[in-house]
Amino acid sequence: MKQVACALTIAGTDPSGGAGIHADLKTFQELQSYGMSVITSVVAQNTTGVQAVHHVPIEIIEQQLDSVISDMPIHALKTGMISNQEMMKVIQKKIAALQVPYVMDPVMVATSGDALIEEEARDYLRKQLLPLTTLVTPNIPEAEFLIGETIKTTDDMKQAAELLVKEFGVGAALIKGGHREGEAIDFLYDGSNIHSFSAERIDTKNTHGTGCTYAAAITAYLSKGLSLYDAVKNGKDFVTAAIKYSFDLGAGSGPTNHWAIRKDKC
């Protein structure tokens with residue numbers, strides 16, 4: 001029997017089901033990668049915003065990681081919400097030796113605008129976790145923080161991707177253009193070349209969890225052995241379909257549709 005692809009997500013929760021661990025596991029399942037999770041924070045949130053956050057004790061995060069790593073195959077992993085430096089230290093220690101593709105979604109602010117990472121942890125993320133990554137997937141505001149520069153044009157996006165690789169040590173960088181007007185275009189710098197991935201912008205407010213879903217799709221495809229380019233290309237198709245068939249649920253920014261791939265055949 002062919003070995004089942006397995007993907008691990010390390011992130012916070014979303015009881016409304018659109019983002020975080022919940023979005024990641026739904027995405028892994030749709031893409032036929034066996035999903036596993038380590039919870040960093042229990043978040044009370046919905047489509048309107050974040051109401052409360054409870055951080056899981058560091059020793060429990062470490063024990064969750066040990067439980068998975070000691071028993072299960074991991075073919076790719078992603079991190080999402082890692083709120084403080086103590087969490088980052090234990091995660092760094094545990095994943096550094098795994099030698100599998102690592103996708104970082106540098107979650108800093110929710111779609112609603114709520115901060116999801118402590119200020120003092122941001123510098124540690126840049127200096128200690130970024131160099132471990134196979135791919136980092138910031139949107140424009142996240143990329144601006146990571147490199148300390150303003151991003152306004154597509155040339156700025158390309159330069160930011162190159163800077164993250166050359167100056168911060170990431171394996172590759174995908175700068176997402178969802179915050180710009182017009183065509184939804186993302187730029188990937190893989191250490192040698194710039195690649196672009198574009199899609200028609202969909203007129204909807206229902207974008208809750210898009211960053212989590214995109215990164216999770218890339219992780220799932222990497223766990224199945226796809227090249228980085230193909231994983232990003234297929235991940236872009238997956239999230240575009242999820243936005244196209246998103247749900248008008250809740251009073252705020254509704255969730256994307258994680259089974260949209262069945263409709264769009266992307």
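Colleague: What share of the 266 residues in the protein chain is buried?

Modeller: This is a predicted model, where local features need pLDDT of at least 70, side-chain atom pairs count only at pLDDT 80 or more, and totals for chains, interfaces and linings use all residues. Numbering runs from 1 along each chain as its sequence is written, and side-chain values use heavy atoms, without hydrogens and water. Buried means under 20% relative accessible area, exposed means over 50%, and partly exposed lies in between (1.4 Å probe, protein chains only). Of the 266 residues in the protein chain, the buried share is 51%.

Colleague: How many helices and strands does the protein chain have?

Modeller: Both are DSSP runs, numbered from the N terminus: helices are H or I with at least four residues, strands are E with at least two. The count for the protein chain is nine helices and 10 strands.

Colleague: What radius of gyration does the protein chain have?

Modeller: The radius is taken over C-alpha atoms, and the globule rule is 2.2 Å times the number of residues to the power 0.38. For 266 residues, a compact globule would be near 18 Å. The protein chain agrees with that, at 17 Å.

Colleague: Which residues does T27 touch, not counting those up to four places away in sequence?

Modeller: T27 lies in helix α1 and is buried, with a relative accessible area of 0%. Contact means heavy atoms within 4.5 Å. On that basis T27 touches T213, A216, A217, F238 and H258.

Colleague: Which backbone oxygen does the side chain of T27 reach?

Modeller: A polar contact is a pair of N or O atoms within 3.5 Å; within protein, one must be able to donate a hydrogen and the other to accept it, and residues adjacent in sequence count only if both atoms are side-chain atoms. At 2.8 Å, the side chain of T27 reaches the backbone oxygen of A23.

Colleague: How far is the backbone oxygen of L130 from a polar atom of the T133 side chain?

Modeller: T133 sits in the loop between α4 (119-129) and β7 (135-136). T133 is buried, at 5% relative accessible area, and touches Y102, M104, V170 and G171, leaving out residues up to four places away in sequence. From its side chain to the backbone oxygen of L130 is 2.7 Å.

Colleague: What kind of aromatic pair do F197 and Y229 form?

Modeller: Rings of Phe, Tyr and Trp (its six-membered ring) pair if their centres lie within 6.5 Å; planes under 30 degrees apart are stacked, over 60 edge-to-face, and the rest tilted. By this rule there are two aromatic pairs. F197 and Y229 lie 5.3 Å centre to centre, with 45 degrees between the planes, so the pair is tilted.

Colleague: How many residues apart in sequence are the parts that the F197 and Y229 pair ties together?

Modeller: F197 is buried at 5% relative accessible area, while Y229 is partly exposed at 36%. F197 lies in strand β10 (residues 194-199) and Y229 in helix α8 (residues 228-244), so the parts tied together are apart by 32 residues.

Colleague: Over which ring does the charged end of R122 sit?

Modeller: A charge sits over a ring if NZ of Lys or CZ of Arg is within 6 Å of the ring centre and within 35 degrees of the ring normal. R126 lies over the face of F145, 4.7 Å from the ring centre. The charged end of R122, 5.5 Å from the centre, sits over the ring of F145.
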